[in-house]
Amino acid sequence: MEKISNQKLEIGVKEHGAELCSIIRKSDGREYMWQASPEYWKRHSPVLFPIVGSLWNKEMRQDGKTYTMGQHGFARDMDFELIEKSADTLRYRLTSSEETKRLYPYDFILEIGYKLADNKVTVEWKVKNPSEQEIHFQIGAHPAFNYMNYNPEAETIGYFKFDKEDDTYTLSLVGEKGCLKEERAQLATDKGILPINRHSFDNDAIILENDQVHSVTLLDADKKAYLTLRYEAPVIGLWSPARDGYAPFVCIEPWYGRCDRENYTGEYSQKDWMQHLAPGKEFDVKYSIEIL
């Protein structure tokens, strides 16, 4: 694992999946990232590429061919190359290969960077198209954060605070085979504050589409803020394993993409929230994690 630090934070990133594995506040040694105990979930912060979520029957069709791919794509399970390390930056690269082309037909260069400044980690994604044809992809984040003052017996373990103080949001519903239902529901909040209780994730992830929210702050059980994730992605997923009681962590997941709709059998390039990249062009986005 490579590490960089400043006066306030230390982060650790590993080459496998270019995965952010640790954010430690130096003043008290507190770890903010989930430490991947397989009892609950064996990952820290996987990068989702070239799909986000599940394909219907694990199949994608493009230009007359059918490919098979598991949930969230392959990048999280591949070794990246470290291409830059400085006092405040780590940057990694994954390039298409014969192995990736058995799963996904396009040439690509995926670069993932982590930059430290004060009490903030900025995560940068670049997708480059080195080919002479348009490529299609989705990309998303899946960082898992420890609850502050974790108490598995509490009725409410914490809160999400959205940047917009609306009382209701439109909720997209996960259905069969991890794909999206056609129906939608309403998610009620108290002016953008949503309690996290033992039933919050009974129906899988809380998914908010169409730019409804662009920052999520985690509050502890006393409504004290301790972490904010800011992003420009059009979709956000909130998730923790659903089981009797609480898992010790919760995920805040900005997505440029989303799972298939139930029974989707169309072209991969026509999926909801698909990103399209012309020959020689770059897709360049970022999100940030601020420790409060």
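Modeller: Tyr264 touches Trp56, Arg61, Gln270 and Lys271, when residues up to four places away in sequence are not counted; contact means heavy atoms within 4.5 Å. This is a predicted model, in which local features need pLDDT of at least 70 and side-chain atom pairs count only at pLDDT 80 or more, while totals for chains, interfaces and linings use all residues. Residues are numbered from 1 along each chain as its sequence is written, and side-chain values use heavy atoms, with hydrogens and water left out.

Tyr264 is placed in the loop between strand E23 (249-256) and strand E24 (275-277). Strands (E, at least two residues) and helices (H or I, at least four) are DSSP runs, numbered from the N terminus. From Tyr264 to Gly237 the separation is 27 residues in sequence and 20 Å in space, C-alpha to C-alpha.

Side chains of opposite charge can pair when their charged atoms come close. A salt bridge here is a side-chain nitrogen of Lys or Arg within 4 Å of a carboxyl oxygen of Asp or Glu. Lys271 forms one with Asp260, at 2.4 Å from N to O. Both residues lie in the loop between E23 and E24, so their pairing ties together parts that are 11 residues apart in sequence. Lys271 is buried, at 6% relative accessible area, and Asp260 is likewise buried, at 3%. Buried means under 20% relative accessible area, exposed over 50%, and partly exposed in between (1.4 Å probe, protein chains only).

Arg261 brings in a second salt bridge, its side chain meeting that of Glu182 at 3.2 Å, N to O. This pair links distant parts of the chain, 79 residues apart: Arg261 belongs to the loop between E23 and E24, and Glu182 to strand E17 (residues 180-188). Arg261 is partly exposed, with a relative accessible area of 24%, whereas Glu182 is exposed, with 57%.

The structure holds 21 salt bridges. Another of them joins Lys8 and Asp118, whose closest N and O atoms are 3.1 Å apart. Lys8 sits in the loop between strand E1 (2-5) and strand E2 (9-14), and Asp118 in the loop between strand E10 (109-117) and strand E11 (120-128), so this pair ties together parts that are 110 residues apart in sequence. Lys8 counts as partly exposed at 41% relative accessibility, and Asp118 is partly exposed at 45%.
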